[in-house]
Amino acid sequence: MSGVFGKKELKKTHVEHKNVFKNIKEVILRPEWAMSDISIDQPMVSGLFLALIPFLFLGVTLGFAGNGILGGGVLSAIVSSIIIGFGGLFLLACLSFSLLLFGRIYDGSGTFKEMFTPILFTSIPFYAALFICLEYFLRGSISMGVAVLILLLSTVWTLRLMYFAVKTSHRFTGFQSVLTLFSPVLFIALGTMVVFFASIIVSLALL
C-alpha cells in the first residue's frame, strides 16, 4: 500500500511541476489566455513559488555582499532574504487588494484570490532584470545603459501582464482595465499633492 501511495504522490508532484512550467510558457507566449486560465484555476502554490524565488535570491545576494541589515555573511543573507522575500509578497498582496478595490469602483466582479494569483505570475519578467542588474551592481561586467534598458523593458512587460490580470479577473473591457491599473497611481499622486499643499498651508498659518 505504501508503494501505491508513494507512486500517487510522486505522480501528483510531477503534474504540479509540469503545470508550473506550462503556466510560465503560456504567460510568456500567450499572456491574455494564460492570465484567464490562471485566474480560473488559481494555482496559488505555483504563483507564490514563482514570486518568492526572485525576492529570496535578491535578499541572499545583498546579504552576502554586505548590503544587508546585519552587514555581510550567512546570518545577514538569511535575515535579508526573509525580510525582502516576504516583504515582496506583502507588497504584491497590497497591490492586488488595491486593484480589487478600484476594480469594484468600475463594476468589476473579481475576488481577491482571482486577482492575487495572476498578479503573482507578473513577477516572471523581473527574473531577467534581477539577474542582469545584480550582475551589474555586484560585478560591473555590463554597462549601466544595458541594465537600465532591461529594467525598463521588464517593467513594460510586467505592466502588460498586470493589464491582462486585471482584465480577466474583473471581466473588464480594455478601457476599464487601464483605468483600474492606473487608478492606484493617480490616487497616490493626488494624495501626495493634498499632503503637500496642506503642509504649506499649515506652515504659513504657523508663521
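**Exercise 1. Find how many salt bridges the whole structure holds, and describe the one formed by arginine 30.**

*Solution.* Searching the whole structure turns up 3 salt bridges. Keep in mind that this is a predicted model. Side chains of opposite charge can pair when their charged atoms come close. Arginine 30 pairs with glutamate 26, and their closest N and O atoms are 2.9 Å apart.

Next, sort the two partners by accessibility. Glutamate 26 has 18%, so glutamate 26 is buried. Arginine 30 has 43%, so arginine 30 is partly exposed.

**Exercise 2. Work out which parts of the chain are tied together by lysine 167 and glutamate 32.**

*Solution.* Start with the contact: lysine 167 forms a salt bridge with glutamate 32, with 3.3 Å between the closest N and O atoms. Then place the residues: lysine 167 sits in helix 7 (residues 144-170) and glutamate 32 in helix 2, so the pair ties together parts 135 residues apart in sequence. Finally, check accessibility: lysine 167 is partly exposed at 22%, and glutamate 32 is partly exposed at 35%.

**Exercise 3. Decide how helix 2 and helix 5 are oriented to each other.**

*Solution.* Two packed helices are described by the angle between their axes and the distance between the axes. Here the axes of helix 2 (residues 31-41) and helix 5 (residues 112-121) come within 8 Å and cross at roughly 135°. Roughly antiparallel would need an angle over 145 degrees. Helix 2 and helix 5 are therefore oblique to each other. Their crossing is right-handed.

**Exercise 4. Identify which helix gives the largest share of the nonpolar patch.**

*Solution.* First list the members: Val60, Phe64, Val74, Ile78, Ile82 and Phe86 make a nonpolar surface patch of about 560 Å². Helix 3 (44-64) and helix 4 (74-105) each supply at least two residues of the patch. The largest share, 4 residues, comes from helix 4.

Notes:
Residues are numbered from 1 along each chain as its sequence is written. This is a predicted model: local features need pLDDT of at least 70, side-chain atom pairs count only at pLDDT 80 or more; totals for chains, interfaces and linings use all residues. Side-chain values use heavy atoms; hydrogens and water are left out. Patches are made of residues with over 30% relative accessible area and no salt bridge: like charges are joined within 9 Å, nonpolar side chains (Val, Leu, Ile, Met, Phe, Trp, Tyr) within 5 Å. Accessible areas come from the Shrake-Rupley method with a 1.4 Å probe; for residues, only the protein chains shown count as cover. A salt bridge is a side-chain nitrogen of Lys or Arg within 4 Å of a carboxyl oxygen of Asp or Glu. Axes are lines fitted to C-alpha atoms, for helices over the stretch in contact, and angles run from 0 to 180 degrees between N-to-C directions. Angles under 35 degrees count as roughly parallel, over 145 as roughly antiparallel, 65 to 115 as roughly perpendicular and the rest as oblique. A crossing is left-handed if the near helix is turned anticlockwise from the far one by less than a right angle, and right-handed if clockwise. Buried means under 20% relative accessible area, exposed over 50%, partly exposed in between (1.4 Å probe, protein chains only).
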